[in-house]
Amino acid sequence: MSQTIRDNLKRLLAPRHLAFVGGRSMARALKRCAEGGYLGQLWLVNPQHESLEGVPCVRSIAELPCGPDAVFVATNRELTLTCVAELAAKGAGGVICYASGFAETGAEGQALQQQLLKVAGNMALLGPNCYGLLDYLHSSALWPVAHGGKPVEQGVAVLTQSGNFAYNLSMSDRSLPVAYMASVGNQAQLGIAELMDVLLDEPRVTAIGLHLEGLKNVPGFARAAHKALEKGIPIIALKTGVSQIGAELALSHTSSLSGSDALYDSLFARLGVIRVSGPVSFVETLKAAACGKLPAGNSLIALACSGGDAGLIADYAERNDLSLPKLDERQTDELAQVLPSYANLVNPLDFTTAIWGDGEALNRMLDSALRTEADAAMLVLDYPAEFTGERKECDLLLELYCQALVRHGKTGFVTSAFPELLPASARERLHAQGVAALQGVEDGLAAWGRIAGYQRNRQALLALGESALVPLCPQALDGEGQLLNEWDSKQALRAFGLPTPNGVLSTPDQALNDANALGYPLVLKALSAQLPHKTEAGAVALNLKDGAALSAALETMRSSIADYAPNVPFDRVLLEPMATPPLAELIVGIKRENDFGLALVIGAGGILVELLKDSRSLLLPTTDGAIRRALLSLRSAALLQGFRGREAADLDALVAAIRAVTDYACENAGQLLELDVNPLLVGAHGTTAVDALIRLGHK
């Protein structure tokens, strides 16, 4: 993104004047802006009418008094091209293209989209094929239909690839304070990464929510996410769309372990992006961050007026890695003086309904409870139905709680046991005082746990530096590439420090002589790049103890290969010493997804690869610490740690071996398509790669 486009995007995000190009729907959109409080100049451009819906029309873009900061163009795709060219000539800041029929429709549409980009020049362009931009900081709604938001002083920015998701989110009854909501459409020019980068320069944006299927600019996204880490602005992602990487080309076992969704998990983890599983967790986590007052850690002082609620808090806090420190003696003494004898003076505190509506007693309880080292406070508060006339007691507690948070310098939130029992009036009062209003104790504690985890993780990630966090994204490669045979693959990796057996490259005729020099027992393998899966071809024989066994294996192998792959010559073999039984077998591989990056995949290996599907993915470059953590997070990690009295694996040697694979991959990133080391035999005193496969593309 050039500096000029960046400057124009800032005009689009803080517009002094707006223009709408189109018919009656655009006249209604303009009126919604005026009714919603937009204070700048508004124009409707339509050459066929003097006015629409009571709004006077400007006959052409050329007749506008100046180049508008922001324009919504709602015409057909051909006329969109003309309008965008005229707006660029007029000096407009940014344009939103509503029309569909561009790159999403195929080759013809792709060509039109390229023309659109060309005529836009240095204007900021959102879309095409998008719903537009809702800007509640400036009451600017560049949007074709009604929306449910309202002006805010600060709030979250939501970027989505679905206009319908944005529309429904604006209509949801969750009181999420939204500063910006953008539907990005085809992302012809401005995508998720570019919008994030500029939105992070707006101090009133407190968090960023992403609803996406995929990323078009992974390095740009990583740089923007690192910028967010530096600023302490959480990014919450709802990622949909799970797919496998290059299944039709994949030869390695690694392909069965790591789909693109696993790589997104790896990308988000290395950048501190909080991934959520659905719309409710998306909204509640954004609400937990929206006030901008993030907790320093994961400890809570929790308050409820029933034992049932306190029990729920205890369960959900543990589930979400939130700690509940004990009350000290002074606190319990003070609480005993204000609460009834049957109150259980622990954290979470059931302060009972005995002091309900008693402002003085509630304040004494709050002051005692909030006099704590806990990082944050929470209150469970369920409002009864309005017809009961009993809401005033809830309002009193809510107000006293907010005041006590200020007195004690505490970050805090309020949640309800049932989502619908924290009404909009209470949520709005809480948000106005910088207190998160979360709906549902289960979802609320999960959201707070995510934000607390982000805070704990943030400094560790920042210490690594931007260069370590931005993934390696080499230029895309086409075609199937060239497969190296096992010998060549091992030699290439051995040069980077990967331990491999001291084997001998031989022929069927020379095998007996070479075996005598090497020694028995040994392993015999046919050597051919045309046999990537040797076991299925009968091209591997293990534990051959003498010359007779080797001779028999050679004849059997010759026959098996002739049946399995008649066109593959049996002219070279690999002889290696038989390895001692390992503590564990792992697979270590490198996956490449064009336009995404290279990923290291570590998992349970040998015959268990596709059975257990026990693996972890790390985008490259990575660190020894990340490799070690990935190893110890495997379900099969117990095998590496002295399971049932067995020796523990030499983890330092194992990490070094995996590091050798990543070093090779980074050095050859421009042409590496895939790499498989399976199995990597892990022992108490070392690690050995007994099989390897490398496939290289053309630079």
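Biologist: If helices (H or I, at least four residues) and strands (E, at least two) are DSSP runs numbered from the N terminus, where does S636 sit?

Modeller: S636 lies in the loop that runs between α23 (624-632) and α24 (651-667). Bear in mind that this is a predicted model, where local features need pLDDT of at least 70 and side-chain atom pairs count only at pLDDT 80 or more, while totals for chains, interfaces and linings use all residues. Residues are numbered from 1 along each chain as its sequence is written, and side-chain values use heavy atoms, with hydrogens and water left out.

Biologist: Is S636 buried or exposed?

Modeller: S636 counts as buried because its relative accessible area is 16%, where buried means under 20%, exposed over 50% and partly exposed in between (1.4 Å probe, protein chains only).

Biologist: And what does S636 touch?

Modeller: Leaving aside residues up to four places away in sequence, S636 touches A604 and D614, with contact meaning heavy atoms within 4.5 Å.

Biologist: Switching topic, which residues touch the most other members in the largest nonpolar core?

Modeller: They are F20, L210, F221 and F282, out of 112 residues in that core, a nonpolar core being a set of buried Ala, Val, Leu, Ile, Met, Phe, Trp, Tyr and Cys residues joined through side-chain atoms within 4.5 Å. Helix α16 (residues 441-464) supplies the largest share of this core, with 8 residues. Apart from it lies another core, of 40 residues, including L620 and A684.

Biologist: What does F221 touch?

Modeller: Beyond residues up to four places away in sequence, the contacts of F221 include I192, M196, L210, F268 and V273.

Biologist: What's the strand order in the open sheet?

Modeller: The 7 strands of this open sheet run β3-β4-β2-β1-β5-β6-β7, with mixed pairing, and two strands pair if DSSP finds at least two bridges between them. At the edges are β3 (51-52) and β7 (124-126), each of which pairs on one side only. Strand β2 (residues 41-45) pairs with β4 (residues 55-58) in the parallel sense over 2 bridges, and V45 stands opposite V58 in β4.

Biologist: Which strands does helix α2 touch?

Modeller: Helix α2 (residues 24-35) packs on the sheet against β1 (17-21), β2, β3, β4 and β5 (70-73), and its direction makes about 175 degrees with that of β2. Axes here are lines fitted to C-alpha atoms, for helices over the stretch in contact, and angles run from 0 to 180 degrees between N-to-C directions.

Biologist: Last one, at what angle do α13 and α14 cross?

Modeller: The axes of α13 (residues 359-370) and α14 (residues 391-408) cross at roughly 40 degrees and come within 10 Å. Among the residues that meet there are L362 and L366 in α13, and L397 and Y401 in α14.
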